Amino acid sequence: MASIIWTSKNEEKDIIFLVVVFIGLAGIAAGFYLTHQDTGASVEVTVDGAIYGTYPLDVDKEIPIQKDGKTTNLLVIKDGKADVTEADCPDKLCVHQKAISKTNETIVCLPNKVVVQVIGTGESELDSIAR
């Protein structure tokens, strides 16, 4: 009977150890993914699914986005990041999204059908450290 109790306690410890190791590895992988994405070279703006323009992230600029002759959103590119700072939509969710700079990050304004997406092959943070 003593050997059965000893075995089950060891199995519990093994399971707990494996769970802790798995959680640790998942955390490391998530941290690596989040911190080592490629920095984008430019942003592409689409309105109603059509390309409105492509703008480099390394040039500070304010871009008024117009639809039907009226400015609906203001895109600001500053310090290598793109941010929608103004919008005429009622919810202004696009204004509250964080500035973007990594490849495939997006800002979406559904009411105005505006999508801002980081594109291109900028230099990854790993490349800049390795140089």
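Because the model is predicted, local features need pLDDT of at least 70 and side-chain atom pairs count only at pLDDT 80 or more, while totals for chains, interfaces and linings use all residues. Residues are numbered from 1 along each chain as its sequence is written, and side-chain values use heavy atoms, without hydrogens and water.

Start with the fold. The protein has three helices and seven strands, taken as DSSP runs (helices H or I, at least four residues; strands E, at least two) numbered from the N terminus. Along the sequence the pattern reads α-β-β-β-β-β-α-β-β-α. Of the 131 residues, 27% are buried; buried means under 20% relative accessible area, exposed over 50%, and partly exposed in between (1.4 Å probe, protein chains only).

The largest nonpolar core has 20 residues. Such a core is a set of buried Ala, Val, Leu, Ile, Met, Phe, Trp, Tyr and Cys residues joined through side-chain atoms within 4.5 Å. Val43, Leu75 and Val116 touch the most other members. Strands S1, S3, S4, S5, S6 and S7 each give two or more residues to this core. In soluble globular proteins, nonpolar side chains tend to be buried together. Leucine 75 is in contact (heavy atoms within 4.5 Å) with residues including Val43, Val45, Ile63, Val84 and Val116.

Asparagine 73 lies in strand S4. At 2% relative accessibility, asparagine 73 counts as buried. Its side chain makes a polar contact with the side chain of asparagine 112, at 3.1 Å. The term covers a pair of N or O atoms within 3.5 Å; within protein, one must be able to donate a hydrogen and the other to accept it, and residues adjacent in sequence count only if both atoms are side-chain atoms.

With 61% relative accessibility, isoleucine 28 is exposed.

The structure holds three salt bridges, each a side-chain nitrogen of Lys or Arg within 4 Å of a carboxyl oxygen of Asp or Glu. Lysine 67 pairs with aspartate 48, the closest N and O atoms being 3.4 Å apart. Lysine 67 lies in strand S3 and aspartate 48 in the loop between S1 and S2, so the pair ties together parts that are 19 residues apart in sequence. Lysine 98 and glutamate 105 meet at 2.9 Å, N to O. Here lysine 98 is exposed at 57%, whereas glutamate 105 is buried at 18%.

Terms used:
Lists of a residue's contacts leave out its neighbours within four places in sequence.
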